Amino acid sequence: MSERNYLQEIADFETHYQYEADFMRELLAESPDGYAKFAEILPLARHRERLDAEAYFIAKLAAMQVEDCGTCLQLCVRFALEADVPREIVEAVLQGGSGLSEDQRDLYDFAVQVASSSDLEPGLQQRIQDRFDRGQLLELGLCIATAKVFPTIKRAAGYLTSCRLMEIEV
């Protein structure tokens with residue numbers, strides 16, 4: 001893909017999701033090869049095959065909260081709403097899992113513990129393993145791991161805005 005096409009893709013993404021992607025443009029300008037490789041992980045970051053949208057976005061939003069990037073969390077909220085995740089579930093996740101059902105809360109807590117590299121509470125881990133098959137567990141791993149990519153790049157380059165410093169719109 002040409003630089004011009006990448007720039008158009010970034011502009012379209014920014015417009016559609018009301019998201020400022022200056023770090024992407026800078027990466028493209030500084031390292032076109034690096035950007036081309038970065039662009040190839042974008043489908044992985046949104047891969048969802050075996051999890052339903054609700055489970056996927058509870059885990060993604062929880063992991064994104066751990067990463068503490070407000071603009072990334074806002075983007076993920078827009079993705080969740082676009083995927084028809086009920087607004088009240090998104091709001092409950094943003095309130096630290098308060099108001100989620102027991103199963104949803106387990107998933108939220110699991111994603112937070114995995115994303116923060118905490119020891120997994122054994123009872124919680126067993127409940128998650130009983131609930132999801134191996135393919136779904138691996139998909140959860142991809143979901144949570146890729147939530148770290150964008151805040152990490154933005155943090156390193158000085159673009160990160162903490163979740164605590166901005167109000168997330170639902």
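Which residue's side chain meets that of Glu67 in a salt bridge? In this predicted model, the partner is Lys148, and the N to O distance of the pair is 2.8 Å. The two residues belong to distant parts of the chain, since Glu67 is in helix 4 and Lys148 is in the loop between helix 9 and helix 10 (149–157), 81 residues apart.

The protein chain is divided into domain 1, which covers residues 1–46, and domain 2, which covers residues 50–148. A distance of 25 Å separates the C-alpha centres of domain 1 and domain 2, and contact between them involves eight residues of domain 1 and ten residues of domain 2. The size of an interface is often given as the accessible area lost when the parts come together. Here the area buried between domain 1 and domain 2 is about 860 Å², and carbon and sulfur atoms give 60% of that area. On the side of domain 1, the residues that lose the most area to domain 2 are Tyr17, Tyr19 and Arg46, which together account for 54% of what that side buries.

Arg46 also takes part in a salt bridge, in which its side chain meets that of Glu82 with an N to O distance of 3.9 Å. Between domain 1 and domain 2 the count is one salt bridge, while six residue pairs are found in polar contact across the interface, with both residues at pLDDT 80 or more. The elements that give two or more residues to the side of domain 1 that touches domain 2 are helix 1 (3–17) and helix 3 (32–45), and of these helix 1 gives the most, with three residues. By residue class, that side of domain 1 divides into five nonpolar residues, two polar residues and one charged residue.

**Salt bridges in the structure**

The structure holds eight salt bridges, among them the following pairs.

| Salt bridge | N to O distance |
|---|---|
| Arg25 and Glu14 | 2.8 Å |
| Arg50 and Asp133 | 2.9 Å |
| Lys148 and Glu67 | 2.8 Å |
| Glu82 and Arg46 | 3.9 Å |

The side chains of Arg25 and Glu14 meet in one of these salt bridges. Arg25 lies in helix 2 (residues 22–30) and Glu14 in helix 1, so this pair ties together parts that are eleven residues apart in sequence. Arg25 is partly exposed, with a relative accessible area of 29%, but Glu14 counts as buried because its relative accessibility is 15%, which falls under the 20% limit for that class.

A further salt bridge joins Arg50 and Asp133, whose closest N and O atoms are 2.9 Å apart. This pair links distant parts of the chain, with Arg50 in the loop between helix 3 and helix 4 (53–67) and Asp133 in the loop between helix 8 (122–131) and helix 9 (134–146), 83 residues apart. Arg50 is partly exposed, with a relative accessible area of 44%, and Asp133 likewise counts as partly exposed, with a relative accessibility of 33%.

Beyond individual pairs, salt bridges that share partners join Glu14, Asp22 and Arg25 into one network.

Terms used:
Residues numbered from 1 in each chain as written. Predicted model: local features only at pLDDT ≥ 70, side-chain atom pairs only at ≥ 80, totals over all residues. Heavy atoms only, no water. Domains from an automatic or database assignment. Contact = heavy atoms within 4.5 Å. Buried area = accessible area lost by both parts, 1.4 Å probe. Salt bridge = Lys/Arg side-chain N within 4 Å of Asp/Glu carboxyl O. Polar contact = N/O pair within 3.5 Å; in protein donor to acceptor, adjacent residues only side chain to side chain. Helix = DSSP H or I, 4+ residues; strand = E, 2+ residues; numbered from the N terminus. Nonpolar A, V, L, I, M, F, W, Y, C, P; charged D, E, K, R; others polar. Buried < 20%, exposed > 50% of the residue type's maximum accessible area, 1.4 Å probe, protein only.
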